[in-house]
Amino acid sequence: MVRGRISQLSVRDVRFPTSLGGHGSDAMHTDPDYSAAYVVIETDAEDGIKGCGITFTLGKGTEVVVCAVNALAHHVLNKDLKDIVGDFRGFYRQLTSDGQLRWIGPEKGVVHLATAAVLNAVWDLWAKQEGKPVWKLLVDMDPRMLVSCIDFRYITDVLTEEDALEILQKGQVGKKEREKQMLAQGYPAYTTSCAWLGYSDDTLKQLCAQALKDGWTRFKVKVGADLQDDVRRCQIIRDMIGPEKTLMMDANQRWDVPEAVEWMSKLAKFKPLWIEEPTSPDDILGHAAISKALVPLGIGIATGEQCHNRVIFKQLLQAKALQFLQIDSCRLGSVNENLSVLLMAKKFEIPVCPHAGGVGLCELVQHLIIFDYISVSASLKNRMCEYVDHLHEHFKYPVMMQRASYMPPKDPGYSTEMKEESVKKHQYPDGEVWKKLLAAQEN
């Protein structure tokens, strides 16, 4: 039962000093501090339920996202939750079409990250009130209601409301069995935790050995800064995991188009399933050219974590520029926009392998990919969800992994509620953790 008028919206800048250990480091982002703009919305309903949402950042700049969230707050405050979810498309469009804020987007960059944080909090609130995890809220939702959450503007040349409805209605067949399967077995995952670019060879070997012991069969390695270094590190991993297990590579936008093709032809001997973000995430035709060039080597293109919106995804699909589509729960406009991308991917029969890791990305995206399997794709072929083993302990309802698979969350909401103690400690710049670090830097 949806109830309450939104009476309060607060946002905090929460940062974790992950750069100190080289966690998250890649060819482009050498010293990330995993961070989040953390939004909490409250209503005047007597149940006291709060909606919590985040968007993921790498430290500096989180304060800019916080400003953008505050700039959007007036669209949310004093609205009835019932009215929001009753016309979710209209509400989504209101947030993304603010006549003045849209100028510094539109539907991309800082404003869109802020939009995601706000909408993630709304979905968390709605699911908590319904007493369901978000994936279950979506799975149980009538197809027409699901379609009414999506803004189809700019994508009707590829996906109309009728197309979306047809896909979702077909997805009703066998849904109960797939839900049972997910609850029993979980959604297959791959790990990126072993091979950050800033890790020493010894750390890499140690983490790889541990991951194998824990049952992991799919591994991703960061590449792109130095070819000889890449060859050495890929050799180490391939030797450790053997020829049968799956290896992926991620260049994090480091290369020009010809450079990407040349570099990957040198790494092809390690048999990677894909190369992720080989060039600028905005270069649709560049991705298409690389994709075409790598077909003879049997290497696919994966991209999407830095993909601004559904329009860019539409074009990547139209241009045959990717073989693996990577949605992100904080880059796009929350569940609403991700629904449109999942449906487009289904229409083009391109597997979705979400981006995760960071702060709370695993917690969020598990809901989307479990829903995708149960209600949209109905397939696990060539599909897996990224997993990174960092910072889950700061969440009230952290991800549950079993046998290298995401087990469907049982707690109501979007799994994004953080422990208050963690938020206080890591709030920037006044939290205890940052006070100490900043003082040490000054001395």
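**Hairpin.** I looked up strands β2 and β3 and found that they form a hairpin with six residues between them; strands here are DSSP runs (E, at least two residues), helices likewise (H or I, at least four), numbered from the N terminus. In the turn, G48 has a positive phi of about 70 degrees. The two strands pair (DSSP finds at least two bridges between paired strands), and β2 (residues 35-43) runs antiparallel to β3 over eight bridges. I noted A36 opposite F56 in β3.

**Basis.** This is a predicted model, in which local features need pLDDT of at least 70 and side-chain atom pairs count only at pLDDT 80 or more, while totals for chains, interfaces and linings use all residues. Residues are numbered from 1 along each chain as its sequence is written, and side-chain values use heavy atoms, with hydrogens and water left out.

**Burial.** I classed residues as buried (under 20% relative accessible area), exposed (over 50%) or partly exposed in between, with a 1.4 Å probe and protein chains only. Seven of the eight residues of β3 (residues 50-57) are buried, so the strand is largely enclosed by the rest of the structure.

**Salt bridges.** I found 29 salt bridges in the structure, each a side-chain nitrogen of Lys or Arg within 4 Å of a carboxyl oxygen of Asp or Glu. R310 and D151 meet in one of them at 3.8 Å, N to O. R310 lies in helix α13 and D151 in the loop between α6 and α7, so the pair ties together parts 159 residues apart in sequence. R310 is buried at 1%, and D151 is buried at 3%.
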